Every structure is written in structure tokens, then in C-alpha cells.
Amino acid sequence: MQIKELLKQSPSEQEVTVKGWVRTKRGQAAVTFIAINDGSTIHNIQAVAEGGLIDEETLKLVSTGACVAVTGKLIASMGSGQAVEVKAEKIVVYGNADETFPMQPKKHSMEFLREKAHLRFRTNTFGAIFRIRHVLAFAVHKYFNDNGFFNLHTPIITASDAEGAGEMFHVTNFDMEKPPKGEDGNIDYSQDFFGRKTSLTVSGQLEGELGALALSKIYTFGPTFRAENSNTTRHLAEFWMIEPEVAFYELEDNMALAEDFVQTVIKYALENCADDLAFLEKRLLEEEKSKPQNERSELSLIDKLKFVIENQFQRLTYTEAIEILVRSKPHKEKKFQYPVEWGIDLQSEHERYLVEKHFKKPVILTNYPKDIKAFYMKLDDDNKTVRAMDVLFPGIGEIIGGSQREDDYEKLLARTKEVGIDPENIWWYLETRKFGSAPHAGFGLGFERLVLFVTGMTNIRDVIPFPRTPKSAEF
């Protein structure tokens, strides 16, 4: 039985066997207290080994980090904080850990733990984070399944750049020391494995649209890759994207889907991760104490999550948002780091002002200038803006980006050329607008951004098991 279930049991001196890793060991020769955790819960179970019952040589091997199996009677605990403990009668040490084990029971920095990514799961913080990550992933699939969506597995290897950004990892089977070259001296990709230049995908959206234009409601949930040389706390080179796409949806439907989806998923985490969230909230409150008063968060972690699920999201256009920002006190007093004017790509400070100070609720911004948005977004009648939408959250700013897609063949073709994409490279995407085109819309949510928000962590490298960043692929 896992420790999570064992802690719910009534103590009646029934024999149990607990298997897990030692978090702490304390006591003298007469009695030793061993805290054991198996990852099923934030809580440890205590095993009590009385002198004489367990041989000294075995007890010496029981140290922080060791893996053990403890068999004994489940009894009422005399200590505070737990109802039961195990009175040990037999201990088997599967694997001992000497004094060089780095996860000793003391406070470690996040930087140190990133260097020990193979062991950081053993800490309370990372145990909590990755249990929550699992629950959120399950909630995502549950939400879409319950609402009639089909999960579509889109390619990881692609010949198209969905975003038009060009920051992609190349995939090749060539010997990089001597790749074949054509008469013009350039590498001849026609001889490569796929017969053309290919990369790791930055998005499953374009292929997702193809599925939606037959299955009506699809979603993708898969790995995506960006070769952006960024070392910020918000960027990864490998991350997971959730991308629903729905035929017959327009912008208003898309906004309603995004709001309902994210509220439902966060509510599920609140209901199913209470202990882990309580631990992370306490951890966050301790961290906040060391910050200057003006940098402290106004909301606790649980309050921030409730802020999202208990408020109806405010909807307004990009143009209206710019007007609010221009009239704002931080703009007038020149406290924004970045300037505000129509046509800019809003920065996190602008987005957070709208959410946290002005509206005091999550915000959905729509109808952005076409020049700062992707080619596939549907043009508005003014020919200056597109039917885009961004969902903005407290603490992090944008969490979801989406749009109604351009369903007119001629307009999409013109936009493709306008932004410098060769129509030949996405002929199949353009062709769907010639054969039974339909209004459709969708959005993208970076899964790690969601986990970051729900756990209250501040660095995206701490919410994915093995982060891939510039100059870092150790594990």
C-alpha cells in the first residue's frame, strides 16, 4: 500500500510493509525515528525502530537518501502531525546512500537543484510540483474528452515553420562533416532522409487545423521546440503545447472555450492537489518575507488560483487596452519600462497592470494589429487588425494565445506572401481553404506556463523534469 493510502488507515496493529526513501533519521540507541516517503504524497510516514528489534548494522545503513522496506505494526502515533506510524520489526535496505548524498534535510537553492535534476524529485518541493503537473495533464485530457474533442497526434518533425519565426532545430541524417552539396555549392537537402530540409516543430496548429476541418473538434498535446537563444525564466527550448482547434468557431466561441477550459483545469487541481498546494503556498509565503514590501505579491497562491476560477474574464480590444494604458498612472509617471503606443507588442508589465491593477480580474485582449501577429489569423474589416485573442493572468501576463483563423483562400495566400513565407511550403494548408473551407478557431497554451502559474514557481526550468535551455542538455 502506498504511503498516501496508509496514512488514511485506522491503527489496529495490522502488519504493513512500507517501501520508500529515507528523508530523515534521528534518535539514539534506544529508539530511532525514520521518516519515509514514496512519492505518493507530500507527507512522510514515520517508522519507529526500538533498540534490539533491528540489528545495528542494518540501522547504520538507514540514512537520508537510502531506499528501504520497513515491515511492522501500524500503530497510533504519539507525535503530532500524523495519526499513524509503523512500529518496525524488520528493515530491508534496498540501496544505501552515504554522506555524499546531496539532498540532505536542509534548504537548497533552485540553482543547486537544477544541477542535481536526477535527484531533485526526492525533495518536497519537486515532489509536489510533479504530482501537480500530472494532475493538470490528466485534467487537460479529461476536459477535452468530456467535451467531445479528439486528441490528434501531430508531427514532431516538420518541413513548415508554423510561426514564421525561423528559430527551429534542424533534423538531418547527413554526416555533418561532409554533407552533399549541389552545383551551386549549397547543401543538397534532396539527398537527406526526408528529401527536403526538415526541423523540429514549433507548433502542431497547422496540422491540427487539417484535422478540425473534418473531425470538427480536435486538440493536440505534445512537445514543441524553439531554438531561441534565450536564458530568461520564461523560456525553454523544449516544452509542451496544448492546442485545441474547432470548426465553426468564431472569436467569441474561442474566448468562451479558453475561459471555461482554464478555469475547469485549475479547479480540478485545487480539488485534487490540496496538500501539495498548501505546501507550495507556505513555501511561497516564506520566500515573500525576504522581498521588499513593494515587490511582494498581493495574493497568496491559493487566492491567486481562486482569482482565476471565481472571476468572469474581462474582454476588451487591444485598442481599448492601449487607451487605458496611455491614461494610466504608471505611464504618466514614466514607471513602465517599455513605452506604450498603438502597434506595440504588449509587455508583461502592461498585461499585468490591466489584470492586477485596472480590472482586478483575468483579461482577454482581442483584435491585435496584424503586423505583430501570425499570418494565419483572420483579418478584420479594417485590414489593420486581426481576430486574435490573448488571455492574461495575474503574475505572469499572457498564458493563452489564439485566434479565429483566416478561412478565405485569397486573403490567406496574400498574407502568406506578405510575411515572406513561400506558399509552396504550405500548399496543403492553403488548399484546405479551397475545398470546403469553414470558419474555425483555436488557441495555444504552453503547458509549463500553466504549471508555473498553478505551483507559484518563478522559473519555468523548475516545472519540467529535465529542462532544455541554451548550453544545457545534461540529463
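Student: Which residue in strand 11 does Phe 221 stand opposite?

Tutor: Phe 221 stands opposite Ile 242. A word on the source: this is a predicted model, where local features need pLDDT of at least 70, side-chain atom pairs count only at pLDDT 80 or more, and totals for chains, interfaces and linings use all residues. Residues are numbered from 1 along each chain as its sequence is written, and side-chain values use heavy atoms, with hydrogens and water left out.

Student: Thanks! How many bridges join strand 10 to strand 11?

Tutor: Strand 10 (residues 217-225) is joined to strand 11 by 9 bridges, and the two run antiparallel. Strands here are DSSP runs of E with at least two residues, helices are runs of H or I with at least four, and both are numbered from the N terminus. Two strands pair if DSSP finds at least two bridges between them.

Student: And what about strand 11 and strand 16?

Tutor: Strand 11 also pairs with strand 16 (residues 440-446), in the antiparallel sense, over 5 bridges. Val 246 stands opposite Ala 441 in strand 16.

Student: Why is strand 11 described as largely enclosed?

Tutor: Because 8 of its 10 residues are buried, strand 11 is largely enclosed by the rest of the structure. Buried means under 20% relative accessible area, exposed means over 50%, and partly exposed is in between (1.4 Å probe, protein chains only).

Student: New topic: where is Phe 248, and what is its phi?

Tutor: Phe 248 lies in the loop between strand 11 (238-247) and helix 6 (251-272). Its phi is near 75°, a positive value in a residue other than glycine. Most residues other than glycine have a negative phi.

Student: Is Phe 248 buried or exposed?

Tutor: Phe 248 is exposed, with a relative accessible area of 57%. Glu 13 also has a positive phi, about 60°, although it is not a glycine. You'll find Glu 13 in the loop between helix 1 (3-6) and strand 1 (15-27), and it counts as exposed at 55% relative accessibility.

Student: How many disulfides turn up in the whole structure?

Tutor: A search finds 0, a disulfide being a pair of cysteine sulfur atoms within 2.5 Å. Cys 67 counts as buried at 16% relative accessibility, and Cys 273 is buried at 3%.

Student: Last one: where is Phe 194, and is it buried or partly exposed?

Tutor: Phe 194 is in the loop between strand 8 (170-171) and strand 9 (198-200). With a relative accessible area of 43%, Phe 194 is partly exposed.
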